[in-house]
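Let's take a friendly walk through a protein model. Have a look at the picture below, and then read on.

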Amino acid sequence: MPGSSPPPAVVIALCTLNGARWLPEQLDSIAAQEMTDWVLWASDDGSTDETPAILEGFAARFPGRVRRLAGPRRGAAAHYLGLICHPDLPLGPATHLALSDQDDIWQPAKLGRALDFLARQPDRGQRPLIYGAQSLHIGEGGRVTGRSRRPHRPVSLRNAVVQNMVSGHSLMLDPLALALARQAGVPPGLGFQDWWLSFLVLACGGRAAIDLEEVLLYRQHGANLMGAPQGLGALRSRLGLLMRSDFARWVAANLAGLEAPGLPLTPEAQRLRGLLAGGGGGPARLARVIRAGLYRQSRPETALIWLAALLGRV
């Protein structure tokens, strides 16, 4: 409409739920971004603490740049994807979208670095790109306790079927990837919005652009949706995850999400859907998983995928 603001370079999609303890630091880190052409769309999923008041105060600091919404109360994945698909997002042909957790702290250069990193990709504008970067882990008191795992193998579709390597707190969608996410909508039963988005982009001929630099502080505490265990504890944690029926359900939900009408699936994605259709376990299932070439970033974890296939967990 006449007099309306031009579309921003970045829409920040923030979903909150009882995050008052940590949210002010995250909002301050957004306010401190060196790249200032952003708007914040904040959706709250029914908080009973001071979260709504904190968001209201932030909106008052940045009039016209913050939109507040009510979430669907159907879990984190549906919350984020519903926000991404909102019909009123202020999108232009060059608008990107960044996800934000409520309890992290962004480095001042985070948004600008992601935009610059994507702009330097040789296939920019030719296929959808999803950006992911690294993080330092901090405890509840702010002390650094570890760092994210950098990929050692390609972040390909065959990896993305069984492992997410694009963490949501660093994730940015370029305009083509954002359009793809909005076309796919909100598939039911998804476990994690970031895993789904990276899987979707790769299944439709896009690419994961992985930045090896650390761009944020990822806070670890008792209420994390998905934490980041380290060392032998991490391997035990992932073994337990792979052996639970939840993992098979999440993989199946991601695959089912590709059934959205009109998605430009690659031949490889169509082949993987055929090989992995149906459930069950045993040697036949293991053979299909091996034929599909599925892998995680480490050999021990790939071996766990084979064991999970035998037991009908993937």
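This report goes from the overall build to a few single residues.

## About the model

This is a predicted model, in which local features need pLDDT of at least 70 and side-chain atom pairs count only at pLDDT 80 or more, while totals for chains, interfaces and linings use all residues. Residues are numbered from 1 along each chain as its sequence is written, and side-chain values use heavy atoms, with hydrogens and water left out.

## Overall build

The protein has twelve helices and nine strands; these are DSSP runs numbered from the N terminus (helices are H or I with at least four residues, strands are E with at least two). The radius of gyration is 19 Å, close to the 20 Å that the globule rule gives for 314 residues, so the protein is as compact as a globular protein of that length. That radius is taken over C-alpha atoms, and the rule is 2.2 Å times the number of residues to the power 0.38.

Contact means heavy atoms within 4.5 Å. Among contacts with a separation of 6 or more, 79% are between residues 24 or more positions apart.

## Inside and outside

How many of the 314 residues count as buried? The share is 54%, where buried means under 20% relative accessible area, exposed over 50%, and partly exposed in between (1.4 Å probe, protein chains only).

A search of the whole structure finds zero disulfides, a disulfide being a pair of cysteine sulfur atoms within 2.5 Å. Cys 15 is buried at 6% relative accessibility, whereas Cys 85 is partly exposed at 22%.

## A histidine in a loop

His 86 sits in the loop between helix H3 (76–84) and strand S4 (96–100). With 18% relative accessibility, His 86 counts as buried. Leaving aside residues up to four places away in sequence, His 86 touches Trp 41, Arg 67, Leu 69 and Arg 182.

## Two positive phi angles

Asn 18 is not a glycine, yet it has a positive phi of about 50°. You can find Asn 18 in the loop between strand S1 (10–16) and helix H1 (23–31), where it is partly exposed at 38% relative accessibility.

Arg 73, also not a glycine, has a positive phi of about 60°. Arg 73 belongs to the loop between strand S3 (66–70) and H3, and at 62% relative accessibility it counts as exposed.
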